[in-house]
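Please keep the structure open while reading.

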Protein chains: 2
Amino acid sequence: MKPPYYAVIFTSKHKLYNDEYNETAKRMNELTAKQEGFLGIDSARNEDGSGITVCYWNSIEAIKKWKENTEHQYAQQMGMKEWYESYSVRIAEVTKEYSMEEV
Amino acid sequence: MKPPYYAVIFTSKHKLYNDEYNETAKRMNELTAKQEGFLGIDSARNEDGSGITVCYWNSIEAIKKWKENTEHQYAQQMGMKEWYESYSVRIAEVTKEYSMEEV
C-alpha cells in the first residue's frame with residue numbers, strides 16, 4: 001500500500017471468549033473487508049486474552065462510515081457489555097511504509 | 001496518551017524462534033522503553049508465528065533516533081537474516097484516541 005492512508009489501531013483485553021464472540025468477530029471481519037475504502041487488516045492475539053487488530057483505510061470518511069454501520073454498532077455494544085475488559089481505538093495517518101524486501 | 005503522537009506499527013511473520021531471538025526481543029523491549037520520547041508499547045503474537053508490535057512516540061525524531069541506535073541496528077540485521085520470514089514497518093501519526101471508558 002502506498003502512503004498516505006489511514007490505520008485504525010484497536011487494542012483490547014478480553015474478559016470472555018464465547019461462540020457468540022467468535023461468530024461476531026468472523027462476521028465483522030467479512031463485513032469490514034466489503035466496505036468501501038478498506039485496504040487490509042492485520043490481527044494478533046496473545047494467550048492471555050490481549051490482542052491487536054489494525055485495519056487500513058483509504059480515507060477518514062471510510063473509517064467513520066464503518067464505525068456507524070448498524071451491524072458494527074451492535075457488535076461494538078456487545079463488545080463493551082460482554083467480551084472486553086478494556087479496549088482502545090486509535091486513528092492514525094500512515095505516512096511511511098517499508099517492508100523487509102525494501103530495507 | 002493525548003494525540004497527536006506517533007506510532008510505529010511493526011507486523012511480522014517468523015521463520016524461526018530461538019533463545020537468541022527471545023533474549024534479543026527482551027533486551028530491545030527494555031532498551032526501547034528507555035529511549036527519549038518513548039510513550040508505550042503494545043504487542044501480540046499468534047500461534048502461527050505472525051505478530052504485531054505497536055510502539056508509541058512523542059516525535060518523528062525520537063523514532064529516527066531509535067531506528068539508528070547501534071544495538072537496535074544489529075538486532076534489525078539479525079532479524080532480517082535469521083528470524084523473520086517477512087515484516088512491514090509503518091510510521092503513522094495518531095490523531096485520535098478513545099478507550100472503552102470514554103465511549
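## Strand pairing in chain A

In strand 3 of chain A, which residue is the bridge partner of A:Phe38? The partner is A:Trp57. The model is predicted, and this pair belongs to an antiparallel arrangement in which seven bridges link strand 2 (residues 38-45) and strand 3 of chain A.

The two strands make up a hairpin, with four residues separating them. In the turn, A:Gly49 has a positive phi of about 95 degrees.

## Strand pairing in chain B

Strand 2 and strand 3 of chain B are also joined by seven bridges, in the antiparallel sense. Within this pairing, B:Ala44 lies opposite B:Ile52 of strand 3 of chain B.

Four residues lie between strand 2 and strand 3 of chain B, which form a hairpin. The turn contains B:Gly49, whose positive phi is about 100 degrees.

## The interface between the chains

On the chain B side, 29 residues are in contact with 29 residues of chain A. At least two residues of that side come from each of strand 1 (5-14), strand 2 (38-45), strand 3 (50-57) and strand 4 (84-99) of chain B. Strand 4 of chain B contributes the most, with 15 residues. By type, the side of chain B that touches chain A comprises 15 nonpolar, eight polar and six charged residues.

Strand 4 (residues 84-99) of chain A and strand 4 of chain B run antiparallel and are joined by 11 bridges. Across this pairing, A:Val94 stands opposite B:Ala92.

## Symmetry

Chain B superposes on chain A by a rotation of 180 degrees with 0.0 Å of shift along the axis, at an RMSD of 0.0 Å. The two copies are therefore related as by a two-fold rotation axis. Both copies use the same surface, since 100% of the contact residues of chain B recur in chain A.

## The nonpolar core

In soluble globular proteins, nonpolar side chains tend to be buried together. Here the largest nonpolar core has 28 residues. The residues with the most contacts inside this core are A:Ala7, A:Ala92, B:Ala7 and B:Ala92. Strand 1 (5-14), strand 3 (50-57) and strand 4 of chain A each supply at least two residues of the core, as do strand 1, strand 3 and strand 4 of chain B.

Leaving aside residues up to four places away in sequence, B:Ala92 touches A:Ala7, A:Ala92, A:Glu93, A:Val94 and A:Thr95 in chain A. Within chain B, B:Ala92 touches B:Tyr6, B:Ala7 and B:Ile9 under that exclusion.

Note on methods
Residues numbered from 1 in each chain as written. Chains lettered and ligands numbered in written order. Predicted model: local features only at pLDDT ≥ 70, side-chain atom pairs only at ≥ 80, totals over all residues. Contact = placed C-beta atoms within 7 Å. Nonpolar A, V, L, I, M, F, W, Y, C, P; charged D, E, K, R; others polar. Pairing = 2+ DSSP bridges. Least-squares fit on C-alpha atoms with pLDDT ≥ 70 in both. Core = buried A, V, L, I, M, F, W, Y, C linked by C-beta atoms within 7 Å. Buried ≥ 20, exposed ≤ 12 C-beta atoms within 10 Å, placed from the backbone.
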